[in-house]
Amino acid sequence: MMTSIAASAIRTPQEKLAAILDSHQPRRLLTVSLNPVPVAEHWCDDHDCELIRIQEQNPFEALDHIDRVDMAIVADQLEYMSQRDGESLIGLLRNLHTDSLVAVYQPHLAPEKLRWPSNGFLALGCREEGHFAHDQRELLLYSYDLDSYNFKRAWNNPRFWANPENWGKYWW
């Protein structure tokens with residue numbers, strides 16, 4: 001079994017993606033990418049993980065035939081979709097297919113009219129995992145994990161409830 005890469009030693013997007021995979025240890029991994037995702041393929045080969053690939057310009061129809069997976073990776077895909085379609089893809093994955101996903105985005109590959117704004121992924125509940133730049137190339141890694149998306153708030157408990165005896169009894 002591979003050892004996790006220390007956070008301070010991560011220098012490349014591939015290392016960061018491998019570290020994310022190591023931390024989640026998925027048993028079923030979905031990649032939505034026009035091209036193969038070598039890090040995912042190697043990780044699955046080394047960890048007895050089922051890899052499901054969607055390599056289509058329009059991945060929505062193929063997703064109709066995919067059951068839930070432990071994690072999804074979207075790479076080399078969003079650059080060629082409108083932001084609206086990209087948001088739909090991430091939302092569909094996040095809401096129906098997985099609790100964890102990673103989006104790999106290279107803004108300079110996208111035509112100007114298709115580029116996402118800097119806060120586009122954050123608006124979907126994603127967290128920036130890494131920003132990698134080399135020469136004229138730029139690559140951004142974002143992740144979404146349902147378990148850490150909505151942090152527990154100290155004030156959200158019966159002590160601060162108007163009628164503590166009704167805590168957890170009613171849904172509006």
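Let's start with the outward face of helix α2. Two exposed residues sit there, His42 and Asp45, on the face turned away from the helix's buried side. Keep in mind that this is a predicted model.

Now the other side of α2. Which residues of α2 are buried? The helix covers residues 38-47, and the buried ones are Val39, Ala40, Trp43, Cys44 and His47. Why do these residues share the same side of α2? They cover an arc of only 125 degrees around the axis, and that puts them on the same side. An α-helix has 3.6 residues a turn, so residues three or four places apart point the same way.

Next, strand β4. Six of its six residues are buried, so the rest of the structure largely encloses β4. Ser100, Val102 and Val104 point one way. Leu101, Ala103 and Tyr105 point the other way.

How does β3 run relative to β4, parallel or antiparallel? The two strands run parallel, joined by four bridges. Within that pairing, Ala75 stands opposite Val104 of β4.

Val104 also takes us to the pockets. It is one of the residues nearest the centre of the largest pocket, with Pro13, Gln14, Gln106 and Leu139. That pocket has a volume of about 440 Å³. Its lining comes to 20 residues. By type, twelve are nonpolar, five polar and three charged. Which elements supply at least two lining residues each? They are α1, α2, β5 (127-134) and β6 (137-145). Strand β6 gives the most, with four residues.

On to the second largest pocket. It holds about 190 Å³ of space. Fifteen residues line this pocket, and the closest to its centre are Arg127, Glu129, Ser143, Asp145 and Ser148. Two or more lining residues come from each of α1, β4 (100-105), β5, β6 and α5 (146-149). The lining of this second pocket divides into six nonpolar, six polar and three charged residues.

His42 and Asp45 are on the face turned away from the buried side.

Note on methods:
Residues numbered from 1 in each chain as written. Predicted model: local features only at pLDDT ≥ 70, side-chain atom pairs only at ≥ 80, totals over all residues. Heavy atoms only, no water. Buried < 20%, exposed > 50% of the residue type's maximum accessible area, 1.4 Å probe, protein only. Arc of directions from axis to C-beta. 1 Å grid on protein atoms, 1.4 Å probe; cavity = no way out; pocket = protein on both sides within 12 Å on 5 of 7 lines; lining within 4 Å. Points joined across faces, edges and corners; volume = space filled by probe spheres on them. Nonpolar A, V, L, I, M, F, W, Y, C, P; charged D, E, K, R; others polar. Pairing = 2+ DSSP bridges.
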